[in-house]
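Hi everyone, thanks for coming. Please have a look at the structure I am putting up, and we will walk through a few of its parts together.

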Amino acid sequence: RVRYGPRLAKRLLDEALHGEIYPLIDAGRYDAARARLAELAELPGLAVEDRQLVAAFSAQVLFTLGDQPRALAELERAVALDPATPAAARVRAAIAQMTGIDGDS
């Protein structure tokens, strides 16, 4: 299995988000977007915060599809990857906004 350095993995992720994921979402091709996000989540060398970003994108697609329970589970999975990252703090804020519950209480 090929392992990319963190900078290359980050660049590949950014290119995929802008060149593939956003256009798929804009076209309403949510299943294709989620499938590609699942592939990106497994990108070798991807930093934890970037994996959390991918999970947050996936959760947003699920939320758009009206599947709030799965969206929340995806966000919780993102936080569990490393609760101490700044990305995890942003994800917890998204969870609080979706649920109306402050996750720090």
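This is a predicted model: local features need pLDDT of at least 70, side-chain atom pairs count only at pLDDT 80 or more; totals for chains, interfaces and linings use all residues.

Residues are numbered from 1 along each chain as its sequence is written, and side-chain values use heavy atoms, with hydrogens and water left out.

Let's start with helix H2, residues 30-41. Helices here are DSSP runs of H or I with at least four residues, numbered from the N terminus, and strands are runs of E with at least two. H2 has 12 residues and reaches 16 Å from its first C-alpha to its last, close to the 16 Å expected at 1.5 Å a residue. That expected span is 1.5 Å times one less than the number of residues.

Which residues of H2 are buried? They are Ala-33, Leu-37, Leu-40 and Ala-41. They sit on the same side of H2, because they cover an arc of only 95 degrees around the axis. The arc is taken from the directions between the helix axis and the C-beta atoms. Buried means under 20% relative accessible area, exposed means over 50%, and partly exposed is in between, with a 1.4 Å probe and protein chains only. Here is a handy rule: an α-helix has 3.6 residues a turn, so residues three or four places apart point the same way. Helix H1 (6-26) and H3 are among what covers the buried residues of H2.

On to H3, which has 17 residues and reaches 24 Å, close to the 24 Å expected. Its buried residues include Val-54, Phe-57 and Leu-62, and also Asp-50 and Gln-52. The cover over the buried residues of H3 includes H1, H2, H4 and H5. After H3 comes Gly-66, with a positive phi near 85 degrees.

Now H4, which is residues 68-81. Its 14 residues should span 20 Å, and its end C-alpha atoms are 20 Å apart, which agrees. The buried residues of H4 are Ala-71, Leu-72, Glu-74, Leu-75, Ala-78 and Val-79. They fall within an arc of 160 degrees seen down the axis, so they line one face of the helix. On the other side of H4, Pro-69 and Ala-80 are exposed. The buried residues of H4 pack against H3 and H5.

Let's zoom in on Leu-72: is it buried or exposed? Leu-72 counts as buried because its relative accessibility is 15%. Leaving aside neighbours within four places in sequence, Leu-72 is in contact (heavy atoms within 4.5 Å) with Ile-95, Met-98 and Thr-99.

For contrast, take Gly-100, in the segment after H5. Gly-100 counts as exposed, at 67% relative accessibility.

Finally, the largest pocket has a volume of about 200 Å³. On a 1 Å grid over the protein atoms alone, a pocket is an open set of points where a 1.4 Å probe fits, with protein on both sides within 12 Å along at least five of seven lines; lining residues have an atom within 4 Å of a point. The volume is the space filled by probe spheres set on the points, which are joined across faces, edges and corners. Helix H3 (48-64) and helix H5 (86-99) each give two or more residues to the lining. The largest share, six residues, comes from H3. Among the lining residues are Phe-57, Phe-63, Leu-75 and Met-98. The lining has eight nonpolar, two polar and no charged residues. Nonpolar covers Ala, Val, Leu, Ile, Met, Phe, Trp, Tyr, Cys and Pro; charged covers Asp, Glu, Lys and Arg; the others, Gly among them, are polar.
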